[in-house]
Amino acid sequence: GGGGGGSSTDDDDDGGWNDPCHFLSTQKHECDWISDTFPKKGVSKCIIRRDVDGNEERVPSALHLSSNNLKGSIPIEIGLLTSLKEILLSFNGLRGSIPETLGMLVNLRRFIVDENNLSGSIPHSIVKLVDLEMIQIPGSDLSGSIPPTIFNLPKLLSINLERNNLSGTLPDFTGNQVNILSIRLSTNQLNGTLPWSLGNLVQTQLLTLDNNQFTGSIPPSITNLTQVIAIVMNDNQITGNIPTDIGKMRSIRSVSTFNNNMTGTIPSSLFKLTDIYSLNIGNNQLSGTIPTELGLLTKLQILDLSNNNFSGSIPDEIENITTFFLLSLLQNQLTGVIPKSLAHSSNLRVLDLSSNRLIRNVPLEFKMLGDLQILNVYNNDLTGEVNILCPLTENNLDSIGADCGEISPEVFCQCCNFCCDREDFCSFV
């Protein structure tokens, strides 16, 4: 057994691995490394097997030490527990690198170490663990590149390396990735272009690549991901168009490419995604009109087209969507009137139409929006009164912004707390 190894915690790390779970204790068998305080934490599963001489022995199969106030580093002796199938070390204070001896755990299926202070690179020996199904190490300080063959592990279903400092490019997905359901790589320093081979991830349901430094365009092959439910690519440096055949991705529910440098128009095939509930493509350089087919997306709850170059009017067909929670069209070149049918979205919390060229008045029907919290219509060419909405401030409406500046106000509003004047000078009131 692995019970005879010494602890690799620092001498001043009182508690650490030896207390309260007796980890690496020479006084107790591995299967008795159980927390005195929290009996469910420790080596929670052991199995009986026969050694080379045919004798029965108890060996640990799962190490559950999450939220156990562990400090120090992961001991290299962990590699001696070759029967382990699960390691759960989340929400501790672990630091140092993940030992290469992890590669000795040939039976390991789940390695879950959320929210620690681990550093160094991902050990290359991890690619030896052919039974590994789940790798989860978010919220540490890992650096270096992702071992390129890690995605070729034949049984891998889920990998989560979010919120580290990993760098380098994505590998080519040309191997055995057909089983991977979830790839989460957000908030690192990954760079380079997105490989065409992303299209081989045909079973993937969740792909998060946001808050990195990816460049280039989204490869058209990504539309092969017909099982994907959510794609998150915001806050990169991605250019090019929205893939023309995005409508092939019929399972998708959420798309975010916010804060990139994408250009072109909204492809008509996007409106085949009739089950989508969140579309966030704001803060790009998209142009053209908002297609009338938008009205086909009757399950939309979040639509953010802000900070683009869209022109024309808000299509009347938007009346078919009564599920809006957030609608943001700010900072475009939209003209025409505000559709009164937006009042049909009774769950609407945030409505931002500011910095466009909209005319006439705020629809009287908006007084029915009892859950509205934020309304911005400033920097437009609106006239009339917004006072009709003042009663809503007694409920949930916390912020109203309009062209209600003191000098020649275009809109009269006694309850607005953000006002702009004809010179586009804005201030809180």
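Select Asp131 and Lys155 first: in this predicted model, their side chains form a salt bridge, with N and O 3.0 Å apart. Asp131 sits in the loop between strand S6 (117–118) and strand S7 (134–136), while Lys155 sits in the loop between strand S8 (143–145) and strand S9 (158–160), so this contact ties together parts that are 24 residues apart in sequence. Colour the two by accessibility and both come out as partly exposed: Asp131 has a relative accessible area of 21%, and Lys155 has 42%.

Next, select Asp275 and Arg253. Their closest N and O atoms are 4.0 Å apart, and the pair forms a salt bridge. Asp275 belongs to the loop between strand S17 (254–256) and strand S18 (278–280), and Arg253 to the loop between strand S16 (237–239) and S17, so the bridge ties together parts that are 22 residues apart in sequence. Asp275 is partly exposed at 26% relative accessible area; Arg253 is partly exposed too, at 27%.

Move on to Asp371 and Arg349. This salt bridge has its closest N and O atoms 3.6 Å apart. Look for Asp371 in the loop between strand S25 (357–360) and strand S26 (374–376), and for Arg349 in the loop between strand S23 (333–337) and strand S24 (350–352); the pair therefore ties together parts that are 22 residues apart in sequence. Asp371 is partly exposed, with 26% relative accessibility, and Arg349 is partly exposed, with a relative accessible area of 21%.

Salt bridges with shared partners join Arg253, Asp275 and Lys299 into one network.

Switch to a cartoon view for the last stop. Five strands make an open sheet with parallel pairing, in the order S19-S21-S23-S25-S27. Which strands stand at the edges? Select strand S19 (287–289) and strand S27 (381–382): each has a single partner strand, so one side of each is left without a neighbour in the sheet.

Within this sheet, select strand S21 (residues 309–313) together with S23. The two run parallel and are joined by three bridges. To see a facing pair of residues, show Gly312, which stands opposite Leu334 in S23. S23 is also one of the strands that flank the loop of Arg349, which brings the tour back to the salt bridge between Arg349 and Asp371.

Notes:
Residues numbered from 1 in each chain as written. Predicted model: local features only at pLDDT ≥ 70, side-chain atom pairs only at ≥ 80, totals over all residues. Heavy atoms only, no water. Helix = DSSP H or I, 4+ residues; strand = E, 2+ residues; numbered from the N terminus. Buried < 20%, exposed > 50% of the residue type's maximum accessible area, 1.4 Å probe, protein only. Pairing = 2+ DSSP bridges.
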